[in-house]
Amino acid sequence: MSDMNMRNKLTKVTEAAKNGEHITERSKSAGFTVFLAFIVLGIIALIGLSTALLFYGHWLSAGIFFLTSTVFSYVLFKLITADDIRNL
């Protein structure tokens with residue numbers, strides 16, 4: 001019985017998140033800001049890792065991590081400059 005109640009609550013939350021009508025713009029903005037902050041921290045960590053690998057002579061691994069961080073940076077740029085997120 002309690003499993004069905006939890007399932008109904010989860011369904012309601014999922015529908016509210018999909019429609020976006022019940023979520024305020026302030027909370028959407030805060031969530032997007034936190035998401036972007038974690039992406040920036042990940043990019044910084046990847047650049048640091050690639051720099052450390054470069055110092056230790058692992059050229060190929062450093063290149064892969066640097067390439068990954070540039071791809072994430074490009075995705076971050078496209079997310080920030082997007083007019084409407086649904087058109088991506």
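The following questions and answers concern a predicted model of one chain.

The model is predicted, so that local features need pLDDT of at least 70 and side-chain atom pairs count only at pLDDT 80 or more, while totals for chains, interfaces and linings use all residues. Residues are numbered from 1 along each chain as its sequence is written, and side-chain values use heavy atoms, with hydrogens and water left out.

Q: What makes up the secondary structure of the chain?
A: The chain has three helices and zero strands, and its elements run α-α-α from the N terminus on. Helices (H or I, at least four residues) and strands (E, at least two) are DSSP runs, numbered from the N terminus.

Q: How do you know that the span of helix α2 agrees with its number of residues?
A: The expected span of a helix is 1.5 Å times one less than its number of residues. Helix α2 (residues 25-55) has 31 residues and should span 45 Å; its end C-alpha atoms are 45 Å apart, and therefore the two values agree. Just after α2, Gly57 takes a positive phi of about 90 degrees.

Q: What span does α3 reach from its first C-alpha to its last?
A: With 23 residues, α3 reaches 33 Å, close to the 33 Å expected at 1.5 Å a residue.

Q: Why is Ser69 called buried?
A: Buried means under 20% relative accessible area, exposed over 50%, and partly exposed in between (1.4 Å probe, protein chains only). Ser69 has 1% relative accessibility and therefore counts as buried. Ser69 is found in helix α3, where Ala62, Leu76 and Leu79 are among the other buried residues.

Q: What is in contact with Ser69, leaving aside its neighbours within four places in sequence?
A: Contact means heavy atoms within 4.5 Å. On these terms, Ser69 is in contact with Ile43, Leu46 and Ile47. What covers the buried residues of α3 includes α2.

Q: Why is Ser50 called buried?
A: The relative accessible area of Ser50 is 5%, so Ser50 is buried. Ser50 has its place in helix α2, in which Leu36, Ile43, Leu46 and Leu53 are buried as well. Leaving aside its neighbours within four places in sequence, Ser50 is in contact with Ala62, Phe65 and Phe66. The cover of the buried residues of α2 includes α3.

Q: Which backbone oxygen lies 2.8 Å from a polar atom of the side chain of Ser50?
A: The backbone oxygen of Ile47 lies at that distance from the side chain of Ser50.

Q: Why does Phe77 count as partly exposed?
A: Phe77, which lies in helix α3 (residues 59-81), has 49% relative accessibility and so counts as partly exposed.

Q: Which residues make the nonpolar surface patch of about 610 Å²?
A: The patch is made by Leu67, Val71, Phe72, Tyr74, Val75 and Phe77.

Q: What share of the 88 residues in the chain is buried?
A: Buried residues make up 12% of the 88 residues. Among contacts between residues at least 6 apart in sequence, 35% join residues at least 24 apart.

Definitions and conventions: Patches are made of residues with over 30% relative accessible area and no salt bridge: like charges are joined within 9 Å, nonpolar side chains (Val, Leu, Ile, Met, Phe, Trp, Tyr) within 5 Å. Accessible areas come from the Shrake-Rupley method with a 1.4 Å probe; for residues, only the protein chains shown count as cover. A salt bridge is a side-chain nitrogen of Lys or Arg within 4 Å of a carboxyl oxygen of Asp or Glu. A polar contact is a pair of N or O atoms within 3.5 Å; within protein, one must be able to donate a hydrogen and the other to accept it, and residues adjacent in sequence count only if both atoms are side-chain atoms.
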